[in-house]
Amino acid sequence: QVQLVESGGGLVQPGGSLRLSCAASGMTFGSFVMGWYRQAPGKQREPVATISSGGSTNYGDSVKGRFTISRDNAKNTVYLQMNSLKPDDTAVYYCKGRVGGSEYWGQGTQVTVSS
């Protein structure tokens, strides 16, 4: 079965940086479109960044210029480098993989930006 496991979340001060990782198994990782989504309490889950199998990326407007998504197909891992973090970035961050009509989600990792 496909399994996605996020790691790297935690508490960081405004202006700080954090790198999230999502390790995938049970899938042909290189064939999947991967993405990061986030959900804050009381808010709708929103897309943060996606990366295609070929490395093409898209970002949500609120994170453009601050976040970078990347993937290492040899390690079956997708990353989210988060810089210049703001309190509004506080959320549970979820990893998603998609291929064809199938979609898979990780369990999420908490990111808290606070002074």
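Which residue in E8 is the bridge partner of leucine 20? It is leucine 80. The legends below describe close-up views of a predicted model.

**View 1. An open sheet of four strands in the order E1-E3-E8-E7.** The pairing in this sheet is antiparallel. Its edges are strand E1 (3-7) and strand E7 (67-72), each of which pairs on one side only. Averaged over the sheet and with direction ignored, neighbouring strands are turned by 15° against each other.

**View 2. Strand E8 (residues 77-82) and its antiparallel pairing with E3.** The two strands are joined by six bridges. Along this pairing, leucine 20 has leucine 80 as its bridge partner, and alanine 23 stands opposite threonine 77. E8 is mostly covered, with five of its six residues buried.

**View 3. The hairpin of E7 and E8.** Here too six bridges join the strands, and E7 runs antiparallel to E8. Serine 70 stands opposite tyrosine 79 in E8. Four residues lie between the two strands of the hairpin. In the turn, asparagine 76 has a positive phi of about 50°.

**View 4. The disulfide between cysteine 22 and cysteine 95.** A search of the whole structure finds one disulfide, and the sulfur atoms of this pair are 2.1 Å apart. The torsion about the S-S bond is about -80°, so the disulfide is left-handed. Cysteine 22 belongs to strand E3 (residues 18-25) and cysteine 95 to strand E9 (residues 91-99), so the bond ties together parts of the chain that are 73 residues apart in sequence. Both cysteine 22 and cysteine 95 are buried.

**View 5. Strand E11 (residues 109-113) and its two faces.** Thr109, Val111 and Val113 make up the covered face of E11, while Gln110 and Thr112 make up the uncovered one. In general, the side chains of a regular strand alternate between the two faces of the sheet. E11 pairs with strand E2 (residues 10-12) in the parallel sense over three bridges. In that pairing glycine 10 stands opposite valine 111. With E9, E11 pairs in the antiparallel sense, also over three bridges. There the bridge partner of alanine 91 is valine 111.

View 6. Is arginine 38 buried or exposed? Its relative accessible area is 5%, so arginine 38 is buried, the cut-off being under 20%. The side chain of arginine 38 makes a polar contact with the side chain of glutamate 46 at 2.7 Å. Another polar contact, at 2.9 Å, joins the side chain of arginine 38 to that of aspartate 89. Leaving out residues up to four places away in sequence, arginine 38 touches Gln44, Arg45, Glu46, Val48, Ser62, Val63, Phe67, Asp88, Asp89, Ala91, Val92 and Tyr93. Among them, Glu46 and Asp89 are touched by arginine 38 and also take part in the polar contacts of its side chain, Glu46 at 2.7 Å and Asp89 at 2.9 Å.

**View 7. The aromatic cluster of Tyr37, Tyr94 and Trp105.** The structure holds three aromatic pairs. In one of them, the rings of tyrosine 37 and tryptophan 105 have their centres 5.1 Å apart and their planes at 65°, so the pair is edge-to-face. This pair links distant parts of the chain, tyrosine 37 in strand E4 and tryptophan 105 in strand E10 (residues 102-105), which are 68 residues apart. Tyrosine 37 is buried, with a relative accessible area of 13%, whereas tryptophan 105, at 33% relative accessibility, counts as partly exposed. Tyrosine 94 and tryptophan 105 also form an edge-to-face pair, 6.5 Å centre to centre and with 80° between the planes. Tyrosine 94 lies in strand E9, 11 residues apart from tryptophan 105 in strand E10. At 15% relative accessibility, tyrosine 94 counts as buried.

Definitions and conventions. Residues numbered from 1 in each chain as written. Predicted model: local features only at pLDDT ≥ 70, side-chain atom pairs only at ≥ 80, totals over all residues. Heavy atoms only, no water. Buried < 20%, exposed > 50% of the residue type's maximum accessible area, 1.4 Å probe, protein only. Polar contact = N/O pair within 3.5 Å; in protein donor to acceptor, adjacent residues only side chain to side chain. Contact = heavy atoms within 4.5 Å. Disulfide = S-S within 2.5 Å. Pairing = 2+ DSSP bridges. Axes fitted to C-alpha atoms, helices over the stretch in contact; angles between N-to-C directions. Phe/Tyr/Trp six-rings, centres within 6.5 Å; stacked < 30°, edge-to-face > 60°.
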